[in-house]
Amino acid sequence: RVGKLLKEMREKMQQEHDNRPANSRRRSPMTRSLFSTILETYGKQGQIKYAGRFLENALKDGTVDSNNKLVNQLMNEYSKSDEPDAPELCQKLLAEMEEVSKQPGRSE
């Protein structure tokens, strides 16, 4: 049920983004704040792997831009979780962000 609601929210946000003029398609602070809250909620519910998948899907489909604050939020949720493979998930996330930072046009 929660997954369906989050999917609908992500689709609505994507539609709103697509309907904006091309020169004003930056994500709003509200979008980042909402995503941060969603990640935190998954963490509090003990569903940290869902949080990781949620952020991964949102980044892939462009609902949210690659954002250090959201990655930091996810890593924070991993660190507070009881998930036995949380350290490995953090390492994977760090490796992915290092690759993103090496892409042309990205600043350190």
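Q: How many aromatic pairs does the protein contain, and how is such a count to be read?

A: The count comes to 3 aromatic pairs, under the rule that ring centres must lie within 6.5 Å. The model is a predicted one. In general, a pair of aromatic rings is described by two quantities, the distance of the centres and the angle of the planes.

Q: Why is the pair of Y42 and F54 classed as tilted?

A: The ring centres of Y42 and F54 are 6.1 Å apart and the planes stand at 55°, so the pair is tilted. The angle of 55° falls between the limits of 30 degrees for stacked and 60 for edge-to-face.

Q: Which parts of the chain does this pair tie together?

A: Y42 belongs to helix α2, residues 29-44, and F54 to helix α3, so the pair links parts that are 12 residues apart in sequence.

Q: Are Y42 and F54 buried or exposed?

A: Y42 and F54 are both buried, where buried means under 20% relative accessible area.

Q: Which residues form an aromatic cluster?

A: One aromatic cluster is formed by F35, Y42, Y50 and F54.

Q: What share of the residues is buried, and what can be said of the surface?

A: Of the 108 residues in the protein, 31% are buried. The accessible surface amounts to about 7600 Å², and carbon and sulfur atoms account for 49% of that area.

Q: What share of the contacts joins residues at least 24 apart in sequence?

A: Taking the contacts between residues at least 6 apart in sequence, 54% join residues at least 24 apart.

Q: Which residues lie nearest the centre of the largest pocket, and which helices supply its lining?

A: The lining of the largest pocket comprises 16 residues, with G52, E56, K92, L93 and E96 nearest the centre. Helices α3 (48-60), α4 (68-80) and α5 (86-101) each supply at least two residues of that lining. The most is given by α3, with 7 residues.

Q: How does the lining of the largest pocket divide by residue type?

A: The lining divides into 8 nonpolar, 2 polar and 6 charged residues.

Q: Where are K44 and K7 found?

A: K44 is in helix α2 and counts as exposed, at 65% relative accessibility. K7 is part of helix α1, residues 2-19, and counts as partly exposed, at 47% relative accessibility. K7 and A58 are 51 residues apart along the chain, and their C-alpha atoms are separated by 9.5 Å.

Q: Which residues does L89 touch, not counting those up to four places away in sequence?

A: L89, which is placed in helix α5, touches K49, Y78 and E83 when residues up to four places away in sequence are not counted. L89 and S79 are 9.8 Å apart in space, C-alpha to C-alpha, and 10 residues apart in sequence.

Technical notes
Residues numbered from 1 in each chain as written. Predicted model: local features only at pLDDT ≥ 70, side-chain atom pairs only at ≥ 80, totals over all residues. Heavy atoms only, no water. 1 Å grid on protein atoms, 1.4 Å probe; cavity = no way out; pocket = protein on both sides within 12 Å on 5 of 7 lines; lining within 4 Å. Helix = DSSP H or I, 4+ residues; strand = E, 2+ residues; numbered from the N terminus. Nonpolar A, V, L, I, M, F, W, Y, C, P; charged D, E, K, R; others polar. Buried < 20%, exposed > 50% of the residue type's maximum accessible area, 1.4 Å probe, protein only. Contact = heavy atoms within 4.5 Å. Areas by Shrake-Rupley, 256 points an atom, 1.4 Å probe, with all protein chains shown as cover. Phe/Tyr/Trp six-rings, centres within 6.5 Å; stacked < 30°, edge-to-face > 60°.
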